[in-house]
Amino acid sequence: DVWTFVDTAGIRRRVHQTSGADYYASLRTQAAIDKAELGLVLIDASVNLTEQDIRVMQQVVDAGRALVIVCNKWDLVDDERRMELDRELERELVQLRWAERVNLSAMTGWHTNRLTRAMHEALDSWETRIPTGKLNSFLGELSAAHPHPVRGGKQPRILFATQVASRPPRFVLFASGFIEAGYRRYIENQLRETFGFTGTPIQISVRVREKRKRK
């Protein structure tokens, strides 16, 4: 395999230190993400997660790119810091639990071999397509087991679904009524549990088909 890596310019970690150079560095970071297929977000595991770390991860997701979180300097991390980092990532990245995390040490080479596997898995997920029949069978079983809550005396039903794109996977659900955000998250979680999608964002949109009124 041949990988082309683009190293983005460094941006200072504290927002109040932002300078004109940092502004242009952030623009170059965004440009690099837009051209990429996969974002490797490198964080220093030995110090606290920063606002800037989180912002760059969000930029990768917003651009619809595959994502691997790389925790470097693991050779400097003791047991207490490991638990603290786990809590930070759990708290700050609750919406990014699907992103694979690789702990490594660039200095000692520890676990660097795991990075290629995580990159392959994320890109495979990013390019995955689910056949329409399989997708609708899955959603039919899901809806039967856990139907959408009744709201205002009505219970929206998913009538049909299709995957309209990959890189990243995009799904369109045709429904008889508005599908709440919580239920969309439930569908996304079940899609991930059933089909994988480790390392890639998923986009789900809903189109409501109103019943035609009889004349």
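How many aromatic pairs does the count come to?

## Aromatic pairs

The count comes to four aromatic pairs, where rings of Phe, Tyr and Trp (its six-membered ring) pair if their centres lie within 6.5 Å, and planes under 30 degrees apart are stacked, over 60 edge-to-face and the rest tilted. One of them joins F138 and F195 edge-to-face, at 5.3 Å centre to centre and 70 degrees between the planes. This pair links distant parts of the chain, with F138 in helix 5 (residues 132-145) and F195 in helix 6 (residues 181-195), 57 residues apart. Helices (H or I, at least four residues) and strands (E, at least two) are DSSP runs numbered from the N terminus. F138 is buried at 11% relative accessible area, whereas F195 is partly exposed at 22%; buried means under 20%, exposed over 50% and partly exposed in between (1.4 Å probe, protein chains only).

F171 and F197 form another edge-to-face pair, 6.1 Å centre to centre with 85 degrees between the planes. F171 lies in strand 5 (residues 170-175) and F197 in the loop between helix 6 and strand 6 (203-208). F171 is buried at 2%, and F197 is buried at 1%.

## Basis of the model

This is a predicted model, in which local features need pLDDT of at least 70 and side-chain atom pairs pLDDT 80 or more, while totals for chains, interfaces and linings use all residues. Residues are numbered from 1 along each chain as its sequence is written, and side-chain values use heavy atoms, leaving out hydrogens and water.

## Surroundings of D44

D44, in strand 1 (residues 38-44), is buried at 18% relative accessibility. D44 touches N72 and K73, not counting residues up to four places away in sequence; contact means heavy atoms within 4.5 Å.
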